[in-house]
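Me: I would like to learn how to read pockets and a metal site in a model. Please take one feature at a time.

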Amino acid sequence: MNEDFTATTSSVDKLTQELNKLPGIGPKSAQRLAYYLLRAPDEQAKLLADAILLVKQKTRLCSVCFNVTEADPCRICRNDQRDRSKVCIVEQPQDILALEHTGIYQGLYHVLHGAISPTEGVGADDIRIKELLHRLQDGSVSEVILATNTNLEGEQTAMYLNKLISPLGIKITRLARGLPFGTELEYADDVTLTRALEGRQEF
Ligand SMILES: [Zn+2]
């Protein structure tokens, strides 16, 4: 085996390994993508590499709601037209995209960046709960909408938050049961999400 071949093989292996770390990409898909990129024009590979670097350099988390943003505070937190008395709590920034797409919610958000999951070792201190409680201290929020996923972790997190927020005298609602159990918000369609938002019930 000559040296060049070794080098090529290991660089393909390295790319395959890195792709395999991405969510939803198994070893077979990672290999397929790696060989696709290997054969793709240089320009295409460069555009992908640049886009990855750019998103890391340009984006950060909003210091108020922890949404992904290029300007702090984010576009939603800065918008004077939004209803500042409502805060919708979601697990991931992608959930905001799904809810915004319905166009019916005008309040603010808070991104937890995860859900409580004892089986995966994620506790209350590992997600942005402290920051949420801090935000709710000034009395400007009158309703908190628990929009965590309807799976086990999401329900556990909603119950935990309900217990913490109840003493603050803030109305707590949960997205309506129109969302089937096991739904991840980011994959729910507009109609289902709109119904769930409009039909939200006191927790
Ligand atoms: Zn924000």
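Me: Which residues line the largest pocket?

Reply: A pocket is an open set of points on a 1 Å grid over the protein atoms alone, where a 1.4 Å probe fits, with protein on both sides within 12 Å along at least five of seven lines; lining residues have an atom within 4 Å of a point. Here the lining is Ser11, Val12, Leu15, Leu19, Leu22, Ala34, Leu37, Leu38, Ala45, Leu48, Ala49 and Ile52. The model is predicted: local features need pLDDT of at least 70, side-chain atom pairs count only at pLDDT 80 or more, and totals for chains, interfaces and linings use all residues. Residues are numbered from 1 along each chain as its sequence is written, and side-chain values use heavy atoms, with hydrogens and water left out.

Me: What is the volume of the largest pocket?

Reply: A volume is the space filled by probe spheres set on the points, which are joined across faces, edges and corners. For the largest pocket this comes to about 240 Å³, and for the second largest pocket to about 190 Å³.

Me: Which residues coordinate the zinc ion?

Reply: Donors are N, O and S atoms within 2.8 Å of the metal (3.2 Å for Na, K and Ca). In this model the SG atoms of Cys62, Cys65, Cys74 and Cys77 coordinate zinc at 2.3 to 2.4 Å. Their sequence spacing is C-x2-C-x8-C-x2-C.

Me: Why is the arrangement around the zinc ion tetrahedral?

Reply: Four donors count as tetrahedral if all angles lie between 85 and 135 degrees. The arrangement here is tetrahedral because the four donor atoms subtend angles of 104 to 115 degrees.

Conventions: Four donors count as tetrahedral if all angles lie between 85 and 135 degrees; four count as square planar and six as octahedral if opposite donors are over 155 degrees apart and all others between 65 and 115; anything else is irregular.
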